[in-house]
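Q: Here is a structure to go through term by term. Please say, for each label, what it rests on.

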Amino acid sequence: MDEHEFARSLLAHERKEWQDPEKIISQIDVRKGISVADLACGPGFFIVPLARVVGKGGRIYAVDKSQVMLEYLKSNMQRSKTDPEIVKIIESDVSKTPIPSASCDLVLFANILHDLDDQKEFLAEVRRISKPSATIVDIDWKDTDNGFGPPLEIRMAEEKARKILERNGLTCVASLDPGPYHYGLIMKLQKDLK
Ligand SMILES: C[S@@+](CC[C@H](N)C(=O)[O-])C[C@H]1O[C@@H](n2cnc3c(N)ncnc32)[C@H](O)[C@@H]1O
C-alpha cells in the first residue's frame, strides 16, 4: 500500500465501524479550551473530533513527519469545516517537536509506539510537553491476528507497552475501550520523574 492509499484507509468509513473516534474521545478528559498534542496524527482521524470538543480557545498540535499525511489532514479539516485556528499543523519527528514544554493537558499517540525505534526518546518528549496534571493516552493494536492491520511480528502486546510506559515515567491509571482490535491506556506522569 502506498502512502496515499494508507492515508485514505486511515480515514475510511469502515474504520469508524470498529473504531469510533468520538466514542474514544468521550472516554478521555477532553474539555473546551484545553491544549492537546496528537503525536503521529496521520490524516487526522482523531484531530477533527478533538477540535469539535476543544473549540475556539483550545489548541491542538497535530504532529506528523509525513508531508503526504499532513496534506490529507488539511483536506480532512477543510471537508469537515474544522477551524484552522484551533489546529497547529507541525511537520516533525514525534521525538523532537517544537511544542512548548509543559504546555499540553492531553497527549495522545495512536498506532505509533510499536513502530518507533527509540521509544525512550519519544517518551521523554511526551513528558517534556505534558503539563504536570496532563492525561496521556496510548492506543495501539492488540497482538492478536484479526486479519488486517500491521503484521503480528511488529505489534506490541499491551503488557509490553505498559512496562515500557511505566519504565519511562508514566503511570497507567485506567484503560479505555478503543474497539475490538486495540487496547487503550490512560496515563499520568510519575511525579518523581518529571
Ligand atoms: C499508523 S499511522 C497512525 C495515524 C493516526 N495516529 C491514526 O491512528 O489514525 C502512523 C503515522 O505515524 C507517522 N509517523 C511514523 N513515525 C513517525 C515519527 N518518527 N515522527 C512523526 N510521525 C511519524 C506516519 O507518517 C503515520 O502518519
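Q: What makes strand β1 (residues 35–39) mostly covered?
A: Five of the five residues of β1 are buried, where a residue counts as buried if 20 or more other C-beta atoms lie within 10 Å of its own, as exposed if 12 or fewer do, and as partly exposed in between, with C-beta atoms placed from the backbone. Strands here are DSSP runs of E with at least two residues and helices are runs of H or I with at least four, both numbered from the N terminus. The model is a predicted one, in which local features need pLDDT of at least 70 and side-chain atom pairs count only at pLDDT 80 or more, while totals for chains, interfaces and linings use all residues. Residues are numbered from 1 along each chain as its sequence is written.

Q: How do you know that both faces of β1 are covered?
A: Ser 35, Ala 37 and Leu 39 lie on one side and Val 36 and Asp 38 on the other, and all of these are buried.

Q: Which strands does β1 pair with, and what makes them paired?
A: Two strands pair if DSSP finds at least two bridges between them. Five bridges join β1 to strand β2 (residues 59–64) in parallel, and four join β1 to β4, also in parallel, so both meet the definition of a pair. On the β2 side, Leu 39 has Val 63 as its bridge partner and Val 36 stands opposite Ile 60, whereas in β4 the bridge partner of Asp 38 is Leu 108.

Q: Why is β2 called largely enclosed?
A: Five of its six residues are buried, so β2 is largely enclosed by the rest of the structure.

Q: Why is strand β5 (residues 130–141) described as largely enclosed, and what does it pair with?
A: Nine of the twelve residues of β5 are buried, so the strand is largely enclosed by the rest of the structure. Six bridges join β4 to β5 in parallel, and the bridge partner of Leu 106 in β5 is Thr 135. With strand β7 (residues 182–189), β5 forms six bridges in an antiparallel arrangement, where Val 137 stands opposite Ile 186.

Q: What makes a set of residues a nonpolar core, and which residues have the most contacts inside the largest one?
A: A nonpolar core is a set of buried Ala, Val, Leu, Ile, Met, Phe, Trp, Tyr and Cys residues joined through C-beta atoms within 7 Å. The largest such core has 53 residues, and those with the most contacts inside it are Val 36, Ala 37, Ile 47, Leu 50, Ile 60 and Val 107. The strand that gives the most to this core is β4, with six residues. Leu 50 touches Ile 25, Val 30, Val 36, Asp 38 and Ile 60, leaving aside residues up to four places away in sequence, a contact being a pair of C-beta atoms, placed from the backbone, within 7 Å.

Q: Why is Ser 92 called partly exposed?
A: Ser 92 has 14 C-beta neighbours inside 10 Å and therefore counts as partly exposed. Its place is in the loop between β3 and β4, and it touches Val 63, Lys 65, Thr 97 and Pro 98, not counting residues up to four places away in sequence.

Note on methods
Contact = placed C-beta atoms within 7 Å.
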